[in-house]
Amino acid sequence: MEILVCVKRVPDTSENEIEVNRDGTDIERDDLVYSVNEWDNYAVEEAIQIRDKVGGNVTVVTVGEEEDEEVVRREMAMGADSGVLLSDDAFNGSDGKGIAAVLKAEVEKGKYDLILTGAQSDKGAGQVGGMLAAMLDWPYASLVNLLEVIDDKKIIVGREIAGGNQEMNEIDLPCVLSIQTGINEPRYVGIRGIRKVASLEIPVHTSGDLGIAADAVGESGARIKRLDYFVPDPGEGAEILEGSTDEIVDKLVELLKAKGGIK
Amino acid sequence: MAQQVFAYVIHKNGVVDDTALEMITAAGRLNSDVSVTAVIAGSGAELDGVCKVVASSFSEVWKIDNEALAYINAEMIRPMLTRILPKEGIVLIPHEHFGMDMAPGLSVKLDAAYLPDAVDFESIEDGKIKAVREEYGGQVSTHVLCDISQGAVITIRPGSFKADESKSAGGNIVDKTAEAMEGGLSEGVRRFLEIVEAEVGDVDITKSDILVSVGRGIEDEDNLEMVFDLAKAMGADVSCSRPIVDAKWLEKSRQVGTSGKIVKPKVYMALGISGSFQHLGGLKGAPFVVAVNKNPKAPIFQAADVGVVDDILDFVPELTDRINEIKG
């Protein structure tokens, strides 16, 4: 099975507190630790497991700039067979549809059976997979937390729905799936693995290579534009307990007793 | 705003989802005298019942009635909506597991702008909606401008807009089935099989009065012991947020959130939980919420009554010791 996994390099929210910069034009980028989007990492692991079971190849793709190549390399260290970076100044300022259009052009250069994305990324939109599927006229399923290959024509997917329940579907290939966290246990990537792929050449495809009209993507094509970042009015918020740990523990125990929190 | 506004209404077992009335409020934020058309898909008598309820709140109800829609399948409904919705309309859809499945592709098919997971609308001017979204798990907010001149598909975060319960509309029910079905059902590509119900765990956290809930801040599986120790001291049950289940450290039946369990405790201790909206969506009944988190900007502090800014790995053992001392 030929599998393409779309990944993104994002600020690692488990390593960073995300703050708004001074003039509200961006988040504070100094000293940010970046990593591959958590959902995407599950998607790559799933692709590798499928390949190991039924054969084929896993390709990892990202849309971005030079520094974004590192996540492609990391996922190759994890076990993906090849990677590609889609990069062009014309892509800058794309909205979700612009990104999906760039990916569509790359998909059409290959012959894929299955495309995986993460269910969402740092911006919380959860949009690119569904858009890509619609542009390709391929079936789509989101929030996939179980995947079972039946044959080279169809697979079974479980979708995560409310209440911890799972919606089972049979879906024809080729298709696009967005992968939910928890579907598998992504393997650890050690320094040795990173070293092994450090010198591999990762091809870069530009808008010219992909045959994309410049006005279809990038800022000019975007119908969604971010104006600013801000921290919402904190409103009521919690009463923050202050003092030494001893004092805080005292206050908290009193509160818990009063509210029936200690039986 | 000259454009027609639609709201895709979700229902289950004959009950209309809370988000239906929230979308009326959202539409009203765009234009105070807007009339909103509800679009509802389903099957038979159950659908008719739902349409009747919805008609009391919406100025018009479009229904799509087919046996194959007894369980809603985004792949089947998207082409139907593409046929019946005007190209330049504004389409509101709840941002939950069905909306996320259906909406991005619908925006492509309608060639409309896509604005996902809106939590507020601030203004509408020159064919552009100024909306509020959140990024980075709710750590920061953004204003975004959405160009609606060629229509827009907008998903609305459940619970962000207060439900409009005025029920003043009393709209007509229009059967759109024939138009929606032109060219037949697209049932080939993705076939619904069944719902696999969540496994029942050893503890039913939906019945617990006191929950000690643990998140990513616990860092390591071995550290869970201190959470169970605190729960034991308090007479509480242990629940958790999604990353703990993803890591397979606790069973799914202990997960609080929209994709886990909806809980209604009296007291809720959130330990090392950042407080995503999906997690908070699982917390009902206005419990007394205590948040302990080393990040003072964690969204959980907005939802909590009392907060402690500290590393749970340091704080939790201290709290447990004190409670055990008191209890002797």
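This is a predicted model: local features need pLDDT of at least 70, side-chain atom pairs count only at pLDDT 80 or more; totals for chains, interfaces and linings use all residues.

Start with chain A. It has eight helices and 13 strands. Its C-alpha trace spans about 65 × 45 × 40 Å along the principal axes. Of its 263 residues, 46% are buried. Now take the contacts in chain A with a separation of 6 or more. Residues 24 or more positions apart account for 69% of them.

Next, helix 1 of chain A, residues 38-54. Is helix 1 of chain A enclosed or open? Twelve of the 17 residues are buried, so the rest of the structure largely encloses this helix. Among the buried ones are A:Trp39, A:Tyr42, A:Val44 and A:Ile48. The buried set also includes charged names to look for, such as A:Glu38 and A:Asp40. Just after helix 1 of chain A comes A:Gly55, with a positive phi of about 90°.

Now the contact between the chains. How many residues does each chain put in? Chain A gives 71 and chain B gives 72. On the side of chain A, the elements that each supply at least two residues include helix 3 (96-109), strand 7 (140-149) and helix 8 (245-258). That side divides into 33 nonpolar, 21 polar and 17 charged residues.

Strands meet across the contact too. Strand 13 of chain A runs parallel to strand 18 of chain B, residues 306-309, and two bridges join them. One to find on screen: A:Glu239 has B:Val306 as its bridge partner.

Over to chain B, and helix 3, residues 74-84. Its buried residues include B:Met76, B:Ile77, B:Met80 and B:Leu81. What covers them? Strand 7 of chain A is part of the cover, together with elements of chain B, including strand 4 (36-42) and helix 4 (97-109).

Last stop: strand 11 of chain B, residues 152-156. Five of its five residues are buried. B:Ala152, B:Ile154 and B:Ile156 point one way, while B:Val153 and B:Thr155 point the other way. Strand 11 of chain B pairs in the parallel sense with strand 6 of chain B over five bridges. There, B:Ile90 partners B:Ala152. Strand 11 of chain B also pairs in the parallel sense with strand 7 of chain B, over four bridges. B:Tyr114 stands opposite B:Val153.

That's my tour. Thank you.

Methods. Residues are numbered from 1 along each chain as its sequence is written. Chains are lettered from A and ligands numbered from 1 in the order in which they are written. Two residues are in contact if their C-beta atoms, placed from the backbone, lie within 7 Å. Two strands pair if DSSP finds at least two bridges between them. A residue is buried if 20 or more other C-beta atoms lie within 10 Å of its own, exposed if 12 or fewer, and partly exposed in between; C-beta atoms are placed from the backbone. The expected span of a helix is 1.5 Å times one less than its number of residues.
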